[in-house]
Amino acid sequence: MKKVLLVLTVLCGLSIGAFAQSEGGKWSIGLEGGIPVGHASDAYNAVVGASIKYDHNIATNTFLTGSVGYNAFLVKSQYKSIAGSTDGAIPVKAGLKYYFGSGFYGEGQLGAAFSTESGGGTAFVYSPGIGYDFGSGVDLGVRYEAWSKDGTIGQIGLRLAFSF
């Protein structure tokens, strides 16, 4: 599993690095927070994390996106003796972002979330969302994100990002 994670991380880095050599893209670093929904809310209080994202312009108002980050699901107190205080994962996603005008956009991403817990495995990730680019290097997005593996763990997520 560690080898697969290493290979995917290297491939993602090389792909993003190749896009970075061309014009029409931007990097952002973001702080993430989320509220678990569905069955995830039974075991977790909140989700916190950070991410790095690259948006590459492919057509008018349309961007190809790639992101990697870390999310920690904060375990509720009654389960800490069984599961510890957090369950962590590294989500790697790619998708499309479309600007409707005046800074508003819609976005959809697909990918994989690699658990940092022993025996945690890998989950399929899908994440539709909307957001607003303030134009001053600040971006705020909200999304529904679900991780599917032997059931689904969902969250309503918020990303506050700073682009460069």
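The following exercises, each with a worked solution, concern the predicted model shown above.

Residues are numbered from 1 along each chain as its sequence is written. Because the model is predicted, local features need pLDDT of at least 70 and side-chain atom pairs count only at pLDDT 80 or more, while totals for chains, interfaces and linings use all residues; side-chain values use heavy atoms, with hydrogens and water left out.

**Exercise 1. The elements of the chain**

Task: State how many helices and strands the chain has, and give the order of its elements.

Solution. Helices (H or I, at least four residues) and strands (E, at least two) are DSSP runs, numbered from the N terminus. Counting these runs gives 3 helices and 8 strands. Read from the N terminus on, the elements follow the order α-β-α-β-β-α-β-β-β-β-β.

**Exercise 2. The barrel**

Task: Determine in which order the strands close into a barrel, and describe the pairing of E1, E2, E3 and E4.

Solution. Two strands pair if DSSP finds at least two bridges between them.

Step 1. The 8 strands close into a barrel in the order E1-E2-E3-E4-E5-E6-E7-E8, with antiparallel pairing. On average, neighbouring strands of this sheet are turned by 25° against each other, direction ignored. For such angles, axes are lines fitted to C-alpha atoms, for helices over the stretch in contact, and angles run from 0 to 180 degrees between N-to-C directions.

Step 2. Strand E1 (residues 25–37) runs antiparallel to E2 and is joined to E2 by 10 bridges. Here Gly33 stands opposite Val48 in E2.

Step 3. Strand E2 (residues 44–59) pairs with E3 in the antiparallel sense over 14 bridges. Lys53 is placed opposite Ser67 in E3.

Step 4. E3 is joined by 11 bridges to strand E4 (residues 86–101), and the two run antiparallel. Asn71 has Ala89 in E4 as its bridge partner.

**Exercise 3. Burial and contacts**

Task: Find what share of the chain is buried, how many residues of strand E3 are buried, and which residues Leu110 contacts.

Solution. Buried means under 20% relative accessible area, exposed over 50%, and partly exposed in between (1.4 Å probe, protein chains only).

Step 1. Of the 164 residues in the chain, 37% are buried. Strand E3 (residues 62–75) is mostly covered, with 10 of its 14 residues buried.

Step 2. Contact means heavy atoms within 4.5 Å. Among the contacts in the chain with a separation of 6 or more, 51% come from residues 24 or more positions apart.

Step 3. Leu110 belongs to strand E5 (residues 104–115). Apart from neighbours within four places in sequence, Leu110 touches Val92, Lys93, Ala94, Phe124, Val125 and Tyr126. The C-alpha atoms of Leu110 and Pro128 are separated by 8.8 Å, the two residues being 18 residues apart along the chain.

**Exercise 4. Aromatic rings**

Task: State how many aromatic pairs the structure holds, and classify the pairs Tyr98 with Phe100 and Tyr126 with Tyr144.

Solution. Rings of Phe, Tyr and Trp (its six-membered ring) pair if their centres lie within 6.5 Å; planes under 30 degrees apart count as stacked, over 60 as edge-to-face and the rest as tilted.

Step 1. The structure holds 10 aromatic pairs. In one of them, the ring centres of Tyr98 and Phe100 are 5.4 Å apart and the planes stand at 75°, so this pair is edge-to-face. Tyr98 is partly exposed at 38% relative accessible area, whereas Phe100 is exposed at 60%.

Step 2. Tyr126 and Tyr144 form a tilted pair, with 6.4 Å centre to centre and 55° between the planes. This pair links distant parts of the chain, as Tyr126 lies in strand E6 (residues 122–133) and Tyr144 in strand E7 (residues 138–148), 18 residues apart. Tyr126 is partly exposed, at 30%, and Tyr144 is partly exposed, at 31%.

Step 3. Tyr44, Phe73 and Trp147 form one aromatic cluster.

**Exercise 5. Positive phi**

Task: Locate Asn61 and Asp150, and give the phi of each.

Solution. Most residues other than glycine have a negative phi.

Step 1. Asn61 lies in the loop between E2 and E3, and its phi is positive, near 65°. E2 and E3 form a hairpin with 2 residues between them. Asn61 is partly exposed, at 36%.

Step 2. Asp150 is found in the loop between E7 and strand E8 (152–163). Asp150 has a positive phi of about 55° although it is not a glycine, and counts as exposed at 79% relative accessibility.
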